[in-house]
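Hi,

Here is the structure I said I would pass on.

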Amino acid sequence: VISRWPSSVRVFDPSSDRGEMEAAIAAAFAANGDEATGQFSQSRFAFLFKPGKYEIEVPVGYYTQVAGLGLEASDVVFASAKGVYCEQAGETALNTFWRSAENFRTLANASWW
């Protein structure tokens, strides 16, 4: 299969290798996760999740998008403790401005602020 997406865009499904998903997400967060390295980074990342249930943690760094690909938000479910979250939440609005997360349901107890 030839991918037409750049390596910074990853499409996952529930059968994707958990370690591979976690490694890709961790690498993006290492590059763009904190203010010192990510706030003015030239790197961009997108993690797209096909319908299903995911038991992984997804920290969302600067210039990172997390999106569910279902027709409805309930088609993609994050069931881990934190799910999709922002490490810098609660500091200032500027720390959550350059990231996005949409079209999924979370069962996590974590809050963005």
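Keep in mind that this is a predicted model. I started with helix α1: its 15 residues reach 21 Å from the first C-alpha to the last, close to the 21 Å expected at 1.5 Å a residue. The buried residues of α1 are Met 21, Ala 24, Ile 25, Ala 28 and Asn 32. Looking down the axis of α1, you'll see those buried residues fall within an arc of 90°, so they line one face of the helix.

What does that buried set pack against? The partners are β1, α2 (35-38), β2, β3 (52-54) and β4 (58-59). As for how α1 (residues 18-32) sits, it lies across β1 and β2 (45-49) and runs at about 150° to β2. Check the start of α1 too: there a side-chain oxygen of Asp 17 comes to within 3.1 Å of the backbone nitrogen of Gly 19.

Now for the sheet. Four strands make up an open sheet with parallel pairing, in the order β1-β2-β5-β8. β1 (9-12) and β8 (99-102) are at the edges with a single partner strand each, so one side of each has no neighbour in the sheet. From one strand to the next, the twist averages 10°.

Cheers

Conventions:
Residues are numbered from 1 along each chain as its sequence is written. This is a predicted model: local features need pLDDT of at least 70, side-chain atom pairs count only at pLDDT 80 or more; totals for chains, interfaces and linings use all residues. Side-chain values use heavy atoms; hydrogens and water are left out. Two strands pair if DSSP finds at least two bridges between them. Helices (H or I, at least four residues) and strands (E, at least two) are DSSP runs, numbered from the N terminus. Axes are lines fitted to C-alpha atoms, for helices over the stretch in contact, and angles run from 0 to 180 degrees between N-to-C directions. Contact means heavy atoms within 4.5 Å. The expected span of a helix is 1.5 Å times one less than its number of residues. Buried means under 20% relative accessible area, exposed over 50%, partly exposed in between (1.4 Å probe, protein chains only). The arc is that of the directions from the helix axis to the C-beta atoms. A polar contact is a pair of N or O atoms within 3.5 Å; within protein, one must be able to donate a hydrogen and the other to accept it, and residues adjacent in sequence count only if both atoms are side-chain atoms.
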